[in-house]
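Hello,

Here is the structure I promised to pass on. Have a look at it first, and then read my notes below.

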Amino acid sequence: MPEIKLTFEDNNLTRLLYGDLNKNLSTIEKTVGVSVKTRGNELTLEGLQHEVEVAAIALNQLYELLKAGYPVYPSDVAYGLRILERSSKANLKEIFLDRVYITANQRVVSPKSINQKKYIDSIRNNDIVFGIGPAGTGKTYLAVAMAISAMTSSQVKNIILTRPAVEAGEKLGFLPGDMAQKVDPYLRPLYDALNDMLGREKVVEYIERGIVEIAPLAFMRGRTLNNAFVILDEAQNTSHEQMKMFLTRLGFDSKAVITGDITQIDLPAGKQSGLVEASRILKSIKGIGFCTFSDVDVVRHPLVQQIIRAYAKKEKRQDDKKIRAGKVKSAGK
């Protein structure tokens, strides 16, 4: 059975590389299916040739990350392996060390996949960016991190976060409370991202001072958003009119990031998603970036990635069945 031996010079870094109770090494064994044996600073990998090579590349690159001061956790090991399995020439330092923001509890927010890195770079280089993909791929979280980074570095004065208040199974009119209380659940994920990065007290302060604004999409009508970083979340649930209205609010010295998952549209049957339409008609415009995510970019519980794949397969089978049924019907005419 193929094997590769590795030796690491620094005892402290080697201990960090292995992880508490060798958790990082266990993640490698579980993720790529290799056997990892250690003897002090020496490590032996055994398994299939490709898997052993990927594990060796990952360990060497993770060691370099530790030398650069980056704390490596089991989740980083899993993300790194996922990247290298798809592209063995990828450089984890270029991806993981692209620090977008450091949270209130000193946690570094950085891309965890090649597509996330492209997304961050696109936001830096374009005034309007669309991030389209399944849940858990970091579309909204990274956009919020970029917004906070832009604000704290005085690139913009305000952050505006918005969502369409589309009922997913419930009617707003039947929910208790005034309008603010009714729409609050739709905006809660945006509050969560802000609280996670800034801390609750700072978020409250920024909202009271008008530096950060969180509001339903309908509240954007008639405004011109200058010197602001604007994020439209859940954009798959916008109509043609809403998307056009939002995009034409952008003023001078502003950026807009539009995120959504076109597989989770809650609009009434027959109503076209503004996000789907925009992704089709705006791609050729310079200054507008489009980034597409897939299940390989999921940064939530490992099962989420498998769930997304399972649903995607089911939906593809249903689509294929409809196409075949349509062909049979046409042939029978």
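Before the notes, one term: a crossing is called right-handed if the near helix is turned clockwise from the far one by less than a right angle, and left-handed if anticlockwise. Please also keep in mind that this is a predicted model.

With that term in hand, start with helix 2 (residues 23-32). Helix 2 crosses helix 3 in the right-handed sense. The angle between the two is about 150°, and their axes lie 11 Å apart. Angles over 145 degrees count as roughly antiparallel, so helix 2 is roughly antiparallel to helix 3. On the helix 2 side, Leu25, Ile28 and Val32 make the contact, meeting Glu51, Val54, Ala55 and Leu59 of helix 3. Sorted by class, this contact has six nonpolar residues, one charged and no polar.

Next comes helix 1 (residues 11-18), which packs against helix 3 at about 120° with the axes 10 Å apart. That angle makes helix 1 oblique to helix 3. The crossing of this pair is right-handed. Leu13, Thr14, Leu16 and Leu17 of helix 1 touch Leu59, Leu62, Tyr63, Leu66 and Lys67 of helix 3. Here the classes come to seven nonpolar, one polar and one charged.

Finally, a residue to look up in helix 3 (residues 49-67): Gln61. Is Gln61 buried or exposed? Its relative accessibility is 17%, and because buried means under 20%, Gln61 counts as buried. Beyond its neighbours within four places in sequence, Gln61 contacts Leu84, Ala90, Asn91, Leu92 and Lys93.

Best wishes

Notes:
Residues are numbered from 1 along each chain as its sequence is written. This is a predicted model: local features need pLDDT of at least 70, side-chain atom pairs count only at pLDDT 80 or more; totals for chains, interfaces and linings use all residues. Side-chain values use heavy atoms; hydrogens and water are left out. Helices (H or I, at least four residues) and strands (E, at least two) are DSSP runs, numbered from the N terminus. Buried means under 20% relative accessible area, exposed over 50%, partly exposed in between (1.4 Å probe, protein chains only). Contact means heavy atoms within 4.5 Å. Axes are lines fitted to C-alpha atoms, for helices over the stretch in contact, and angles run from 0 to 180 degrees between N-to-C directions. Angles under 35 degrees count as roughly parallel, over 145 as roughly antiparallel, 65 to 115 as roughly perpendicular and the rest as oblique. Ala, Val, Leu, Ile, Met, Phe, Trp, Tyr, Cys and Pro count as nonpolar, Asp, Glu, Lys and Arg as charged, and the others, Gly among them, as polar.
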